[in-house]
Amino acid sequence: MLSTKVTDCNAHGQDSSYFLGWEEYEKNPYDEIDNPNGIVQMGLAENQLSFDILQSWLDNNPDATAFKKNGQSIFKELALFQDYHGLPAFKNALVKFMSEIRGNTVTFDPNNLVLTAGATSANETLMFCIANPGDAILVPTPYYPGFDRDLRWRTGAEIVPIHCSSSNSFRITKSALEDAYQQAQKHDLKVKGILVTNPSNPLGTSLNLHELDVLVNFISTKNIHLISDEVYSGTVFSSPNFTSVMEVLKNRNLVNTEVSKRVHIICSLSKDLGLPGFRIGTIYSENGDIISAATKMSSFGLISSQTQYLLSEMLADKKFTKTYLSENRRRLKHRQETLVKGLQKAGIRCLKGNAGLFCWVDMRHLLCSKTFQGEMELWKKIVYDVRLNISPGSSCHCCEPGWFRVCFANMSEKTLVFAMQRVKSFVESMTKKNSNQSRQEQIRLNHARRTKSLPKWVFSLSTHPLEV
């Protein structure tokens, strides 16, 4: 007598190794004092590097936290507000912040903005708007493991992977798009759109202008939608600079055209401002039908008016936003370099990244076999023996075994350095073990060669000993 959503919870994707690593961490969390032998959490893309800047603003603006305006309390007004369109002051401040992140190369209309309870809700809402159950969405691999839940679980839509490879640093190509499209048609799936993350989670790279042009051309030809998940847009810390799909539409004079009405952007304050607990997500679209439907659907996951007011005051402070974005990028760059250097000392390289809260790490040389089974065996050693929770590439649907996502912004620098020491010790022990095995194998082979060249009467003596 229960819904299939209850009886078939496996479709949620919670049994993925991505989530299983979190479960193991929660059983034995690392703490420098209380549990120094615990598991270090490196599977959580959370930005804690600039929390002191947020705290400083709160300390210097007590009226905002006390819900006062011009010295007068507006708590009752906020407590009674329940319009799912959102506070106008917050939407205005939010679109200006979105423009600032993008270097003010593009502007956003607050009337085209829908507020949602985080990017998870935004992605699912868009899927409900553009796809029917059984329709397909194309997603480049590797992709964020949560998409299997966000895009599919309740909508009934299907994900068809766009296979990208390390041969070109996992860049999106026209041929890969066409292959995925044909694969969907082969399985009688109607393709409704493409979803990309820009910057990419888990790659830590931003899409270049060529990739964005290829995507816009492809959706124009196929008459499908493009969802650009840009929740990490404020984390781009080195060249190339971030290019939003909105900038491509503007430069190609496609704004307010039929093509632009099929392009939709997801934004969030969870990563850019380090406030995942505040649940601030947005859908931006020039499609009036989608904005109307998504606004009605947002009533199932509203953002509290108190949260909206507090953040409208914070984002309206341009001195604060300028300082935060600049300093946050500087700190992310330094932290990413710390991780990369630590891994290099252990003989491990990373895909060259310029954004995000993680690195895409190449451990193919550490696999016991060049298979996904070999990848899982290595992952289990890292979780249970090295005691680091990282995400295996297979959980991100990577088509090549041996890649892992490693996060660096949810811990102190001291903890990160300590984690790298664990990695270095692990790699050294594996190298020593493999060296010993190779030496023993070489001795065995040499022995086999020597005995093979001995006369037959030697073997006769060894098999038929002389009687005394």
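One term before we set off: a residue is buried under 20% relative accessible area, exposed over 50% and partly exposed in between, using a 1.4 Å probe and protein chains only. This is a predicted model, where local features need pLDDT of at least 70, side-chain atom pairs count only at pLDDT 80 or more, and totals for chains, interfaces and linings use all residues. Residues are numbered from 1 along each chain as its sequence is written, and side-chain values use heavy atoms, with hydrogens and water left out. Helices (H or I, at least four residues) and strands (E, at least two) are DSSP runs, numbered from the N terminus.

Most residues other than glycine have a negative phi. Select Arg-279, in the loop between β9 (263-268) and β10 (281-285). Phi of Arg-279 is positive, near 55°. Now jump to Arg-387, in the loop between α15 (372-386) and β13 (388-389). Phi there is near 65°, again positive in a residue other than glycine, and Arg-387 is partly exposed at 24% relative accessibility.

**Stop two: two cis bonds.** Pick Asn-198 and Pro-199: the peptide bond between them is cis, with omega near 0°. Pro-199 sits in the loop between β7 (191-197) and α10 (209-222). Next, go to Ser-239 and Pro-240, also joined by a cis peptide bond, with omega about 0°. You'll find Pro-240 in the loop between β8 (225-229) and α11 (245-251).

**Stop three: a helix pair.** Show α3 (residues 51-60) and α13 (residues 305-315), which pack at about 100° with their axes 11 Å apart. The axes are lines fitted to C-alpha atoms over the stretch in contact, and angles run from 0 to 180 degrees between N-to-C directions. That makes α3 roughly perpendicular to α13 (the word covers 65 to 115 degrees). Which residues make the contact (heavy atoms within 4.5 Å)? On α3 they are Leu-54, Trp-57 and Leu-58, and on α13 Leu-310, Glu-313 and Met-314.

**Last stop: α7.** Select residues 119-130, the 12 residues of helix α7. From first C-alpha to last, α7 reaches 17 Å, close to the 16 Å expected at 1.5 Å a residue; the expected span is 1.5 Å times one less than the number of residues. Color the buried residues of α7, among them Ala-119, Asn-123, Glu-124 and Ile-130.

Note on methods:
Parallel < 35°, antiparallel > 145°, perpendicular 65-115°, else oblique. Contact = heavy atoms within 4.5 Å.
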